[in-house]
Amino acid sequence: MPISGLPPYDDTNIFARILRGEIPCKKVYEDDWALAFNDINPQAPTHVLVIPKGKYCSFADFSAAASEAEIAGFMRAVGKIAKDLGHEAPGYRLLANMGADSGQEVPHFHVHLFAGRPLGRMLPSS
Ligand code: AMP
């Protein structure tokens, strides 16, 4: 059920197709709640996308509509992936885009995990 004010989930989005196995990905991790794979256009030496298995179009949708088990399972997966990839030190950045102003391209909620070099400022100055 879409959250009020948000568009309905688009089953044809690229991450839905990856979840259905219709197009390939370079898988990093998978469990009951999450799938993680390398970004096709990496912005850092490590650039992993972590997506929930459920059909949520954005953070707004996921945070409001997902069950507690889905949210806990997804968040634990993100932490485990970062740890297992060896990024606890010297560190990493998590980022989730939501909507047009953020530049969200794919309407399936996802967290970017960047690591492997100093990541600079959080946002460009302009
Ligand atoms: P966002 O702008 O937050 O929606 O990010 C979408 C990300 O998905 C971008 O960093 C793209 O490079 C990435 N992307 C798009 N298509 C694919 C794909 N087939 N496999 C892996 N990453 C992809």
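**Reading a predicted model**

Tutor: Let us begin with charge: in this predicted model, the chain carries 12 positive and 14 negative charges, whose mean positions lie 7 Å apart.

Student: How many helices and strands does the chain have, and in what order do the elements run?

Tutor: There are three helices and five strands. Read from the N terminus, the order is α-β-β-β-α-α-β-β. The chain is as compact as a globular protein of its length, because its radius of gyration is 14 Å, close to the 14 Å that the globule rule gives for 126 residues. Along the principal axes, the C-alpha atoms fill a box of roughly 40 × 35 × 30 Å.

Student: What share of the contacts with a separation of 6 or more joins residues 24 or more positions apart?

Tutor: Such pairs make up 55% of those contacts.

Student: How many disulfides does the structure hold?

Tutor: A disulfide is a covalent bond between the sulfur atoms of two cysteines. This structure holds zero disulfides.

Student: Are C25 and C57 buried or partly exposed?

Tutor: Buried means under 20% relative accessible area, and partly exposed lies between that and 50%. C57 has 6% relative accessibility, so it counts as buried. C25 has 30%, so it counts as partly exposed.

Notes. Residues are numbered from 1 along each chain as its sequence is written. This is a predicted model: local features need pLDDT of at least 70, side-chain atom pairs count only at pLDDT 80 or more; totals for chains, interfaces and linings use all residues. Side-chain values use heavy atoms; hydrogens and water are left out. Helices (H or I, at least four residues) and strands (E, at least two) are DSSP runs, numbered from the N terminus. The radius of gyration is taken over C-alpha atoms; the globule rule is 2.2 Å times the number of residues to the power 0.38. Contact means heavy atoms within 4.5 Å. Lys and Arg count as positive and Asp and Glu as negative; His and the chain ends are not counted. The place of a charge is taken as NZ of Lys, CZ of Arg, CG of Asp or CD of Glu. A disulfide is a pair of cysteine sulfur atoms within 2.5 Å. Buried means under 20% relative accessible area, exposed over 50%, partly exposed in between (1.4 Å probe, protein chains only).
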